[in-house]
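Please look at the sequence and the model before reading on.

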Amino acid sequence: MKNNEISNPFIVSRSIPDELFCDRKEETALLIKHIENGRNVVLMSPRRLGKTGLIHHLFSQDEITKKYYTFFVDIYPASSLQEMCYIFGKAVFEQLKSKKEKQWEAFFKTIKSLRAGFKVDTLTGEPSIELGIGTVENPTTTLEEIFTYLEEADEPCIVAFDEFQQIAEFQEKRVEATLRGIIQNCRNTSFIFSGSRQHSIEQMFHSKSRPFYQSAQLMDLRPLNREVYTDFACRLFSLYDKQLDPAVVSTIYDDYGGITWYMQMMLNELFAITAASQTCTPAMLPQARQNIIDIQEGAYQTQLNMLSPKQKQVLQAIAHEGIVKSATSGAFIKKYSLDSASSVQSAIKGLNDKEIISNTGNGTRIYDYFFAWWLKNNY
């Protein structure tokens, strides 16, 4: 085993070091090109395909670390501009803590509306943050102050907003216009707008009636190349004195549509149950999948219990079908003894809003592959 610090090289829950990151060389080079040429980027793909990992990988490249300050801001949990400002301010500060002292001192001085939440330890001189959402009394002012700091930084900055389409759901009106008005005047800061609800984020940047219309370069992230990912997985097994049958990766790729997180999760478990000097074979796939589902079963049951009876019925039908081309078709409704087309359509809307199902080019499916398997085999 080459790396004594990492017991399982198929990482699924934290940033991935470069030596364990699979490919994305072309995508990384293209992002660097856009950034160096002053272009903002919209990075789109279904969830769990690897957008967040790619952004962190980009931020670790020498071309970026030596020239830019980088900030990753996950706004998925936010439901208002106030919450976004809280997340944004905290993310910027946490990145600055390890930088030059004059940078976080400048941050204290510039972000006047949040100054009460920032502390410096009198003994160690270490900065700390004690912010609550309620600290953000005037979100627009706080937002302008954060961007002012970025524009005055002694190095150019890159801000990556993850799940940027979330701002369209904020409680306040004209959030898009407010952000666009500030961002379009930035000269020292480049932006990556990452989004997984493709229709929503495409509308934001494609529709002439929206403030962000044609304000960034669109970049659609695709699944990793099958052969490249197979070679990558087999190499990592061999580095740890284990072997991997390439047929395992091929099966996983087909079963999970090339979605990176699910493939990594399966390989993480397969690696865990493969003994040293042994070979991981396709016969081990059912056990690995069941192990993962067993851990999540409680969460799946809770999620199911929160749905209405009609939503449960439609969801269970989708699980058994796999992919549904038309959930309101007479054939689908009859096959699974569902109610009227209007009732199914209402259930579909609710499941979509909860992001339990997703619409692909081939039809509607349950978003979480493991949840779908659990439903199919238990109901």
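## Helix α1

The model is predicted. Helix α1 is made of 12 residues, 25-36. From its first C-alpha to its last it reaches 16 Å, close to the 16 Å expected at 1.5 Å a residue. After α1 comes Gly-38, which has a positive phi, near 75 degrees.

Six names make up the buried set of α1: Glu-27, Thr-28, Leu-31, Ile-32, His-34 and Ile-35. They lie on the same side of α1, because the arc they cover around the axis is only 160 degrees. The face turned away from this buried side carries the exposed residues Lys-25 and Glu-26.

## What covers α1

The cover over the buried residues of α1 includes both helices and strands. Among the helices are α2 (51-59) and α3 (62-65). The strands include β1 (41-44), β5 (157-162), β6 (189-195) and β7 (217-220).

Leaving aside residues up to four places away in sequence, His-34 touches Arg-39, Val-41 and Gln-217.

## The pair α9 and α11

Two packed helices are described by the angle between their axes and the distance between the axes. For helix α9 (residues 226-239) and helix α11 (residues 260-273), the axes come within 12 Å and cross at roughly 25 degrees. Angles under 35 degrees count as roughly parallel, and α9 and α11 are therefore roughly parallel to each other. Their crossing is right-handed.

Which residues meet where α9 and α11 are in contact? On the α9 side they are Tyr-229, Phe-232, Ala-233 and Phe-237. On the α11 side they are Met-263, Gln-264, Leu-267, Leu-270 and Phe-271.

## Ile-183 in helix α7

Ile-183 belongs to helix α7, which covers residues 175-183. With a relative accessibility of 3%, Ile-183 counts as buried.

Conventions: Residues numbered from 1 in each chain as written. Predicted model: local features only at pLDDT ≥ 70, side-chain atom pairs only at ≥ 80, totals over all residues. Heavy atoms only, no water. Helix = DSSP H or I, 4+ residues; strand = E, 2+ residues; numbered from the N terminus. Expected span 1.5 Å × (residues − 1). Buried < 20%, exposed > 50% of the residue type's maximum accessible area, 1.4 Å probe, protein only. Arc of directions from axis to C-beta. Contact = heavy atoms within 4.5 Å. Axes fitted to C-alpha atoms, helices over the stretch in contact; angles between N-to-C directions. Parallel < 35°, antiparallel > 145°, perpendicular 65-115°, else oblique. Left-handed = near helix turned anticlockwise from the far one by under 90°.
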